[in-house]
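Here is my note for your next look at this model. Please keep the sequence and the 3D view open beside it.

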Amino acid sequence: MVDSTTGKQDITRIGEEGLRGRLERYRELRITEEELAVVLLMPVLAFLLAVSFYPIVDTVWASLHTGYVVQLPTQTTEFVGIENYRALFTDGSFWNALGVSLFYTFVSVPVELVFGLGLALLLKADFKWKYFAQAAILFPWALPTVINAKIWAWLLNPDYGVISDILVRVGILSQPYPFLSSPDVALYSMTAITIWKTTSFMALILLAGLSSIPDHLYESARMDGASRWRQFRDITLPLLKPTILVALIFRTLPAFQAFGLPYGLTGGGPGEATTTLVLYTQQAAYNNPGPTNGGFALGSAAATVITMIALVIALIYVATLYEPEVR
């Protein structure tokens, strides 16, 4: 449209007419808002089915058949029922890996939660270089897991590692100690390393939760004479429960499915001292001939068991900590 006095186009009027035209075209479709929402969500649902649910279903299917990583035309599969699961549950290495994963998960995550909460409370306080400190604590978590593993493998090496050398020089050790090659302490060493790496991630999540708690609640509590401990117990912890639930799920499931750290740090050794369930699954799938013409079927059975255990852990957390009224 052209203004008769200025000779310029009326941009506002053109915009209104364009919007009106789009609304008229939308009405011509004769669909409700709910139907439009379903149409818009269909691509996302299709993507999730393709990249999340289909691999799970395919893994369960493979665990019930003779398995191959790549199915060649000359190869056939045969339904074997629970034979792969029977072989899995009679394998001592599987139970050892399950014990390693449970110890690694349920020792490291509670410690990370306590340390992370303390770190988050410190970082919430006002002090100079506060934002620099918040960024600095993320460094261990930001490093790729395999790089972290190689750094610690070098630091703890008994021949040229810095840590053994320092402990000998200050008199704590009489000679360098094989922290990663001794079956008695290798799992403890790996657990301590993951605590060092992921405590900052836990602190970051909890810090976000602490920042969402209104300050006026603490001001009212102080006016009523509440001590710091009572403020923490009656205000911070109840309002932080939803965030703690998220943090626990975010950390427990990856810890239970740990692969990169044991693979890069010890390779699962010495022996099977640090072999987690996922590392066992990888070894069963690609290094083990298995009971039914291919270890891939045995690995699929192990992967299915891991998925079920992870689901149970998540449900227990939600049932225990979820409080709708807090939200």
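1. **What you are looking at.** This is a predicted model, in which local features need pLDDT of at least 70 and side-chain atom pairs count only at pLDDT 80 or more, while totals for chains, interfaces and linings use all residues. Residues are numbered from 1 along each chain as its sequence is written, and side-chain values use heavy atoms, with hydrogens and water left out.

2. **Overall fold.** The protein chain has 14 helices and 0 strands; helices here are DSSP runs of H or I with at least four residues, strands are E runs of at least two, and both are numbered from the N terminus. Of its 327 residues, 35% count as buried, where buried means under 20% relative accessible area, exposed means over 50%, and partly exposed is in between (1.4 Å probe, protein chains only). Among contacts (heavy atoms within 4.5 Å) between residues at least 6 apart in sequence, 63% join residues at least 24 apart.

3. **What the record says.** The unreviewed UniProt entry lists residues 36-57, 102-123, 135-155, 185-214, 235-253 and 296-322 under "transmembrane region". Please bear in mind that UniProt positions are given in the numbering used here, feature names are shortened, and annotations may be inferred rather than shown by experiment. In the model, residues 135-155 are 81% helix and 0% strand, with end C-alpha atoms 24 Å apart. For residues 185-214 the span is 87% helix and 0% strand, and the end C-alpha atoms lie 45 Å apart.

4. Asp-234 and Arg-230 meet in a salt bridge at 3.2 Å, N to O. Both lie in helix α11, 4 residues apart, about one turn of the helix. Asp-234 also forms a salt bridge with Arg-233, the closest N and O atoms being 3.0 Å apart. Through shared partners, Arg-230, Arg-233 and Asp-234 are joined into one network. Asp-234 is partly exposed at 39% relative accessible area, as is Arg-230 at 46% and Arg-233 at 40%.

5. **The largest pocket.** A pocket is an open set of points on a 1 Å grid over the protein atoms alone, where a 1.4 Å probe fits, with protein on both sides within 12 Å along at least five of seven lines; lining residues have an atom within 4 Å of a point. The largest one holds about 520 Å³ of space, the volume being the space filled by probe spheres set on the points, which are joined across faces, edges and corners. Its lining has 15 residues, with Lys-124, Tyr-218, Arg-222, Arg-228 and Gln-231 nearest the centre. Helices α4, α10 (215-223) and α11 each give two or more residues to this lining, and α11 gives the most, with 5. The lining divides into 7 nonpolar, 2 polar and 6 charged residues. In this scheme Ala, Val, Leu, Ile, Met, Phe, Trp, Tyr, Cys and Pro are nonpolar, Asp, Glu, Lys and Arg are charged, and the others, Gly among them, are polar.

6. **The second largest pocket.** This pocket has a volume of about 230 Å³. Of its 16 lining residues, Thr-145, Lys-197, Thr-198, Arg-251 and Pro-254 are closest to the centre. The elements giving two or more residues are α9 (186-211), α11 and α12. Its lining comprises 9 nonpolar, 5 polar and 2 charged residues.

7. **Helix α13 and its neighbours.** The buried residues of α13 (residues 277-287) are Leu-277, Leu-279, Tyr-280, Thr-281, Ala-284 and Ala-285. They pack against α3 (83-89), α4 (92-124), α11 (228-256), α12 (260-265) and α14 (295-321).

8. **Ala-186.** Ala-186 lies in helix α9 and counts as buried, at 0% relative accessibility. Leaving out residues up to four places away in sequence, Ala-186 touches Phe-179, Leu-180, Gly-269, Pro-270 and Thr-274.

Definitions and conventions:
Salt bridge = Lys/Arg side-chain N within 4 Å of Asp/Glu carboxyl O.
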